[in-house]
Amino acid sequence: MALARVLSTHKPSLNPNTTTLSALNPNNLGFLSNSPPSLASLLHHRRHKRRTASLKCSASSFSEKHHNTNHPKSDDVVELPLFPLPLVLFPGAILPLQIFEFRYRIMMHTLLHTDLRFGVIYSDAVSGTAEVGCVGEIVKHERLVDDRFFLICKGQERFRVTNVVRTKPYFVAEVTWLEDRPSGEEDLEALATEVETCMKDVIRLSNRLNEKPEKEAQDLRRNLFPTPFSFFVGNTFEGAPGEQQALLELEDTATRLKREKETLRNTLNYLSAASAVKDVFPSS
């Protein structure tokens, strides 16, 4: 049974015809058709290993501004309700959800009377449940007569699961916060500019393939600093949740931007080849 339904929404995507990034990540296709596995089966076993080894792992539109002046310390340990979903939430991203499963309706009743925050963690039947997720904060909600909920959530801090506190009626875990380390001598502004340029090229070629006007892409960074911009870019990799999860888990902004640049260049090569074929065989 699906845990929730992700509501359709207009969102920036580098996969306008579901062929670009998905084609580069064939192992990630079709994950939405599988219901998420039990989080208990994954984490209950590790609960008893807490003192010998910590866990080692680390959709939607992006908000105009992503700025949090009260970041928790990375060594803080807190309890957080967990919501496994077949998607990756990034800091700053907007996630619309419809909640209909009973235990998660119970969670929503609790959250609406407390701090409105829960952990979104990626889970699918192939790769299992990740150990790094992102806090979703409820910014708007509507409760329907049948006790379902419509939610608009915004991604906040990243976290790492360290221990399961309980599994019923819904999952609650102890988590620590995940922050990017200083990138040393790396020029993050230059990297972010290179990534933005690659994104614009991908958008331009995507529009050509889809016979849309090839107008110049607008400012994609929107005054975002390199770290939140790297999350924005990762959020556009729709159809490649495995790659998105890997980006979410990285703890270095420069490494994340470099990996995104490589993925965008691969996508650009794919689109260039597709565009060349279309020019030679217009009817194909």
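Where does asparagine 223 lie? The place of asparagine 223 is the loop between helix H4 (188–209) and H5, with helices (H or I, at least four residues) and strands (E, at least two) taken as DSSP runs numbered from the N terminus. This is a predicted model, in which local features need pLDDT of at least 70, side-chain atom pairs count only at pLDDT 80 or more, and totals for chains, interfaces and linings use all residues. Residues are numbered from 1 along each chain as its sequence is written, and side-chain values use heavy atoms, with hydrogens and water left out.

**Aromatic pairs**

- Four aromatic pairs are found in a search of the whole structure; rings of Phe, Tyr and Trp (its six-membered ring) pair if their centres lie within 6.5 Å, and planes under 30 degrees apart count as stacked, over 60 as edge-to-face and the rest as tilted.
- One of them joins phenylalanine 83 and phenylalanine 118, a tilted pair because the ring centres are 5.9 Å apart and the planes are at 50 degrees.
- Phenylalanine 83 belongs to strand S3 (residues 77–85) and phenylalanine 118 to strand S5 (residues 117–124), so this pair ties together parts that are 35 residues apart in sequence.
- Phenylalanine 83 is buried at 0% relative accessibility, and phenylalanine 118 is buried with a relative accessible area of 0%; buried means under 20% relative accessible area, exposed over 50%, and partly exposed in between (1.4 Å probe, protein chains only).
- The rings of phenylalanine 90 and phenylalanine 231 also form a tilted pair, with centres 6.4 Å apart and planes at 40 degrees.
- This second pair links distant parts of the chain, 141 residues apart: phenylalanine 90 is in the loop between S3 and strand S4 (93–99), and phenylalanine 231 is in helix H5 (residues 226–235).
- Phenylalanine 90 counts as buried at 0% relative accessibility, as does phenylalanine 231 with a relative accessible area of 5%.
- One aromatic cluster is formed by Phe83, Tyr104 and Phe118.

**Charge over a ring**

- Arginine 221 has its charged end over the ring of phenylalanine 229, 5.5 Å from the ring centre; the criterion is NZ of Lys or CZ of Arg within 6 Å of the ring centre and within 35 degrees of the ring normal.

**Backbone geometry**

- Most residues other than glycine have a negative phi, and most peptide bonds are trans.
- The peptide bond from lysine 168 to proline 169 is cis, with omega near -5 degrees.
- Proline 169 is in the loop between strand S7 (149–166) and strand S8 (172–178).
- Aspartate 147, a residue other than glycine, has a positive phi near 75 degrees.
- The loop between strand S6 (128–143) and S7 holds aspartate 147, which is buried at 18% relative accessibility.
- Asparagine 223, not a glycine either, has a positive phi of about 65 degrees, and asparagine 223 is exposed, with a relative accessible area of 73%.

**Helix packing**

- Two packed helices are described by the angle between their axes and the distance between the axes.
- The axes of H4 and H5 come within 10 Å and cross at roughly 25 degrees; axes are lines fitted to C-alpha atoms, for helices over the stretch in contact, and angles run from 0 to 180 degrees between N-to-C directions.
- H4 and H5 are therefore roughly parallel to each other, where angles under 35 degrees count as roughly parallel, over 145 as roughly antiparallel, 65 to 115 as roughly perpendicular and the rest as oblique.
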